[in-house]
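Good morning, and thank you for making time for this item.

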Amino acid sequence: MLVDQIHRKRFAAAGALIALGCQRAFVVPCSHAAVGLGAQVAHGLASCVMTPAIAALTLSVCGHDNFSERLGQNTRYASLGNAASAALLGAAASTISEQAVFLVTAGLVVPALAALFLIQTPDRDAVKEGHPALLHPKERRHWPWQIFAEPALHVFAFACVLFQLANAALLPLALNGLTHQGDAPGFLVSGTIIVPQIITALIAPWAGRLAQRLGRRPVLLVGFAAVPLRALLFVVLPGALPLTVLQALDGVSAAVFGLMLPLIAADLTKRTGYLNLAIGALGLASGLGATFSTAVAGWIGDHLGDSMTFLVLAAVGTASVVLLWTAMPETKPVEIPGAHAQDANKATQSA
């Protein structure tokens with residue numbers, strides 16, 4: 001809601017970046033537990049602002065018609081950034097000190113801010129003809145809570161809860177089981193992180209183009225189906241090497257989920273314009289699912305064992321796919337026949 005009420009989205013993103021940088025810088029001189037807790041809270045709040053702000057900036061640059069493909073590019077660069085930061089911070093920790101990690105992270109805010117203010121804002125005519133999320137808050141004709149009148153938003157939110165409930169605990173559970181068995185080689189943790197990042201970077205733009213061409217539902221179903229499939233394969237193919245290879249499926253689901261959450265939010269707020277509130281609501285649903293996932297999986301694992309836990313998580317993931325298949329409508333805006341021809345005629349007349 002906060003980002004929706006800030007017309008200049010780059011200032012919202014800049015504030016979040018500065019908060020992240022200050023949070024990292026203050027951790028180094030202060031080792032008190034309260035400071036660490038406050039830093040974590042600041043990080044969480046800044047991240048909550050940053051995600052919808054980036055989505056809103058992307059929409060303003062490319063428009064709703066090209067939003068899907070551009071989100072795929074965003075997801076690719078986010079994955080590359082995760083991999084690059086892991087390498088950079090690991091090098092800083094090993095060559096300088098562990099505390100240097102925080103200072104390097106704070107320093108990365110500077111080029112991020114520079115890139116942010118290089119983004120060109122659209123002209124007013126383009127804003128009026130585009131998504132209503134680009135309008136000034138005073139020019140919107142609806143109230144924020146009217147987004148919750150969209151039934152598809154509730155269906156997708158519940159599917160997000162089930163998706164994260166099934167997904168979040170899979171990798172920790174598998175790693176924990178291999179560690180207890182003494183079958184966790186040194187490459188395992190790094191491999192399980194790097195493999196999905198590579199897959200996400202490779203397929204995210206392609207998934208974005210596919211979502212624009214075929215629609216949201218087919219891509220969404222494939223991405224969500226990767227979670228129960230991965231859970232079942234963890235039972236059938238135990239071991240460090242299969243786990244690392246199977247993390248490619250995590251890359252598929254991460255690419256689709258990271259792409260689809262803001263995209264479907266944009267589709268469902270085409271009438272009201274409260275894109276960022278919709279992203280925040282879906283983020284809340286995802287966070288609830290992820291929060292309960294490890295707790296539920298841990299309890300089941302303690303009582304029934306890891307194999308049964310994987311099967312339960314697979315069942316939950318399957319439930320999310322069934323929900324999408326039966327209740328989630330296609331949200332891609334319907335193109336009006338002749339609309340492109342009318343736009344061309346207008347452009348010719350203007351010329």
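The largest nonpolar core has 65 residues, and those touching the most other members are Phe156, Leu220, Phe224, Met260 and Leu324. Please bear in mind throughout that this is a predicted model. The greatest contribution to this core comes from helix α12, residues 240-268, which supplies 13 residues.

Let us take one of these core residues, Leu220. Which residues does Leu220 contact, once its neighbours within four places in sequence are left aside? They are Phe156, Val256, Met260, Ile264 and Leu324. As a general matter, nonpolar side chains in soluble globular proteins tend to be buried together.

I turn now to the loop that joins α11, residues 216-236, to α12; Pro238 is found there. Is Pro238 buried or exposed? Its relative accessibility is 61%, and because the threshold for exposed is over 50%, Pro238 counts as exposed.

Next, the charged pairs. The structure holds four salt bridges, and I shall describe some of them.

In one, the side chains of Glu69 and Arg209 meet, with an N to O distance of 3.8 Å. This pair links distant parts of the chain, 140 residues apart: Glu69 belongs to helix α4, residues 67-95, and Arg209 to helix α10, residues 187-214. Glu69 is partly exposed, at 34% relative accessible area, and Arg209 is likewise partly exposed, at 35%.

A further salt bridge joins Asp267 to Arg216, whose closest N and O atoms are 2.7 Å apart. Asp267 lies in helix α12 and Arg216 in helix α11, so this pair ties together parts that are 51 residues apart in sequence. Here both partners, Asp267 and Arg216, are buried.

Asp250 and Arg230 also form a salt bridge, with 3.4 Å between the closest N and O atoms. Asp250 is in helix α12 and Arg230 in helix α11, 20 residues apart.

Definitions and conventions: Residues numbered from 1 in each chain as written. Predicted model: local features only at pLDDT ≥ 70, side-chain atom pairs only at ≥ 80, totals over all residues. Heavy atoms only, no water. Core = buried A, V, L, I, M, F, W, Y, C linked by side-chain atoms within 4.5 Å. Buried < 20%, exposed > 50% of the residue type's maximum accessible area, 1.4 Å probe, protein only. Helix = DSSP H or I, 4+ residues; strand = E, 2+ residues; numbered from the N terminus. Contact = heavy atoms within 4.5 Å.
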